[in-house]
Amino acid sequence: MTVNAIVFDFDGVLADSEMLHLRVYRELLEPSGVTITTEKYFESYLGSDDEGVFQQVAIDHKLLLGDEEIELLIAEKARRFEALVAAGGVMYPAAAACVRRLAAVWPLGIASGARRGEIELMLDGAGLADAFKFIVAAGETDHGKPAPDPYLRAAELHGAAPGACVAIEDSHAGLESARSAGMRTVAIANTYPRDTLSADAVIGSLDELTADFLRGLGR
């Protein structure tokens, strides 16, 4: 099947923002006596949306966090994170050129565990908001990654069969989500070592993501 559409994950693919997320999680959870190490974040939490992270942290550390407390944490996390990224400069250096060259060939979408406001803020700062047909953000599907829901919704919004879409991902949870939805996958080794990533192709930089490269996945 030929490639008809592209779906990008956001954090760790287009935006170099994962450590900013971890910084804010730490700030919010340390008063409860919880310290999230970088290793633990990458092993257990990265790739989930905010609700999923706080729920899993509560389980891991036996915290009594009800729905209302989690909602308050999510709102405060969004406020602090948006303040950090408002100054710009969060996108990977190769992101803008990559997005523009692929948008000249295919419709592009985003399927992310980040909040819509965070994504839009960073896209606006980079001048890339007009390059994407849609955003599927945290809380906009019944289940987040690693469930297939975000990528199934992305295929629906593209008006394309999942098998005609290529997902660009950096995390294990995201790759599982895209595979389960029936999409072909390209993993970028920004977050995890390339030999740990299970995808149809693995790249080391967005510079490698060209139209010819993606067409090759359809052969």
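This is a predicted model: local features need pLDDT of at least 70, side-chain atom pairs count only at pLDDT 80 or more; totals for chains, interfaces and linings use all residues.

Visitor: Fine. How many bridges do β4 and β5 have, and in which sense do they pair?

Guide: They have 4 bridges, in the parallel sense. Strand β4 covers residues 165-169, and β5 covers 184-188.

Visitor: What stands opposite Val-166?

Guide: Arg-184, in β5.

Visitor: What's the strand order in the whole sheet?

Guide: The order is β3-β2-β1-β4-β5-β6. The sheet is open, has 6 strands and shows parallel pairing. At the edges sit β3 (134-136) and β6 (201-203), each pairing on one side only. From one strand to the next, the twist averages 25 degrees.

Visitor: Which strands does helix α8 touch?

Guide: β4 and β5. Helix α8, residues 172-181, packs on the sheet, and its direction makes about 165 degrees with that of β5.

Visitor: New topic. At what angle do α1 and α4 pack?

Guide: About 135 degrees, with the axes 10 Å apart. Helix α1 spans residues 18-29 and α4 spans 67-85. That angle is why α1 counts as oblique to α4.

Visitor: Is the crossing left-handed or right-handed?

Guide: The crossing of α1 and α4 is right-handed.

Visitor: Which residues meet there?

Guide: From α1, the residues include Leu-20, Val-24 and Leu-28. From α4, they include Leu-73, Phe-81 and Leu-84. Charged residues take part too, among them Arg-23 in α1 and Glu-76 in α4.

Visitor: And the breakdown by class?

Guide: The contact of α1 with α4 has 8 nonpolar, 1 polar and 5 charged residues.

Definitions and conventions
Residues are numbered from 1 along each chain as its sequence is written. Side-chain values use heavy atoms; hydrogens and water are left out. Two strands pair if DSSP finds at least two bridges between them. Helices (H or I, at least four residues) and strands (E, at least two) are DSSP runs, numbered from the N terminus. Axes are lines fitted to C-alpha atoms, for helices over the stretch in contact, and angles run from 0 to 180 degrees between N-to-C directions. Contact means heavy atoms within 4.5 Å. Angles under 35 degrees count as roughly parallel, over 145 as roughly antiparallel, 65 to 115 as roughly perpendicular and the rest as oblique. A crossing is left-handed if the near helix is turned anticlockwise from the far one by less than a right angle, and right-handed if clockwise.
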